[in-house]
Amino acid sequence: MTKEEALDWVANLFEEEVVDISLDTPREDIPAWDSLGTLTLMAGLDEEFSIQLNEDQIADLRNVGDVVALLNGAGS
Amino acid sequence: MRFILVDRILELVPGQRIFAEKYISAQQDFFQDHFPGFPVVPGVLLTEMMAQAAGKCLDAEKHSRGKAMLAQIRSASFRDWVGPDSRIVIKATVKTNRAAFATADCEVAVEGRTVASAELFFTFVPAGRFAPDYVDQVLQDFLDKT
């Protein structure tokens, strides 16, 4: 998965315009990355990429770049 | 209006699938407003029926994770009207079932025709948040019989 595809995926998941996020965007700056958003992220990673993370691992994802790195690792 | 929208469970494989039914009588209050001269069951109630059935399917596993609660309606479609005095059959199939969340594909049918469908997303609330004597009687009645 390219960086652009990963950013698109994250933007779509959190209902953001892709131009409004970057790898450095912290989770606090994404309104939809709340408790429901965290569950949605877990479900998306699980269902689309077979990446299963526990809640501690999800808590370590602090910005968009952390999610993109995860997706790039899954795609390789 | 009470809010138990599943009358009884017909079939159940805990954590996997459920068939259940609900009878909607013509005396339901909401028909007075929804709508005069054209009484139909609101789509939100059909969605809640599906959520309650799927929730029972998940709760039947008796995990320590808690009670299944609807967290997101990923999609919902309403294909036909459901009128008074309808026997509604609800089907839910659990697609993803994890410690923190679950998803289910659900349908409701009347006289063999699918009238609504939804993809639902659930989270879990610890049992301690509910009244100590709370029992899902519809689920318990089914489990007691099997």
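Here are legends for several close-up views of a two-chain model, which is a predicted one.

Residues are numbered from 1 along each chain as its sequence is written, while chains get letters from A and ligands get numbers from 1 in the order in which they are written. Since the model is predicted, local features need pLDDT of at least 70 and side-chain atom pairs count only at pLDDT 80 or more, but totals for chains, interfaces and linings use all residues.

View 1. The C-alpha trace of chain A spans about 25 × 25 × 20 Å along its principal axes. A compact globule of 76 residues would have a radius of gyration near 11 Å, and chain A agrees because its value is 11 Å. (That radius is taken over C-alpha atoms, and the globule rule is 2.2 Å times the number of residues to the power 0.38.) Of the 76 residues in chain A, 22% are buried. Here "buried" means that 20 or more other C-beta atoms lie within 10 Å of a residue's own, "exposed" means 12 or fewer, and "partly exposed" is in between, with C-beta atoms placed from the backbone.

**View 2. The sheet of chain B has six strands.** This open sheet runs in the order β1-β2-β4-β5-β6-β3 (chain B), with antiparallel pairing. Strands count as paired if DSSP finds at least two bridges between them. β1 and β3 of chain B are the edge strands, each with a single partner, so one side of each has no neighbour in the sheet. On average, neighbouring strands are turned by 25 degrees against each other, direction ignored. For this kind of angle, axes are lines fitted to C-alpha atoms (for helices, over the stretch in contact), and angles run from 0 to 180 degrees between N-to-C directions.

**View 3. Strand pairs of chain B, up close.** Antiparallel β3(B) and β6(B) are joined by 10 bridges, and Met69(B) has Thr123(B) in β6(B) as its bridge partner. Over at β4(B), pairing with β2(B) is antiparallel and uses eight bridges, while the antiparallel pairing of β4(B) with β5(B) uses nine bridges. Look for Val89(B): it is the residue in β4(B) that Glu21(B) stands opposite, and Val89(B) also stands opposite Ala109(B) in β5(B). β4(B) and β5(B) make a hairpin, with four residues between them.

View 4. α1(B) touches β1, β2, β3, β4, β5 and β6 of chain B, and its direction makes about 50 degrees with that of β4(B). The largest nonpolar core has 43 residues, and those with the most contacts inside it are Met49(B), Met50(B), Ala53(B) and Ala54(B). Such a core is a set of buried Ala, Val, Leu, Ile, Met, Phe, Trp, Tyr and Cys residues joined through C-beta atoms within 7 Å. α1(B) gives the most to this core, with nine residues. Leaving aside neighbours within four places in sequence, Ala54(B) is in contact with several residues, including Ile18(B), Val94(B), Cys106(B) and Phe122(B). Contact means that the C-beta atoms of two residues, placed from the backbone, lie within 7 Å. Apart from this core lies another, of 11 residues, among them Leu7(A), Ile30(A), Val64(A) and Val67(A).

**View 5. Chain A meets chain B.** Eight residues from chain A and nine residues from chain B take part in the contact. On the chain A side, α2(A) supplies the largest share, seven residues. That side divides into four nonpolar, one polar and three charged residues. (Ala, Val, Leu, Ile, Met, Phe, Trp, Tyr, Cys and Pro count as nonpolar, Asp, Glu, Lys and Arg as charged, and the others, Gly among them, as polar.)

View 6. Ser50(A), in the loop between α2 and α3 (55-59) of chain A, has a positive phi near 55 degrees without being a glycine. Ser50(A) counts as exposed because it has 8 C-beta neighbours inside 10 Å. Asp85(B), in the loop between β3 and β4 of chain B, also is not a glycine and has a positive phi of about 55 degrees. Asp85(B) is exposed, with 11 other C-beta atoms within 10 Å. Finally, the peptide bond from His34(B) to Phe35(B) is cis, with omega near -5 degrees, and Phe35(B) is found in the loop between β2 and α1 of chain B.

Technical notes
Helix = DSSP H or I, 4+ residues; strand = E, 2+ residues; numbered from the N terminus.
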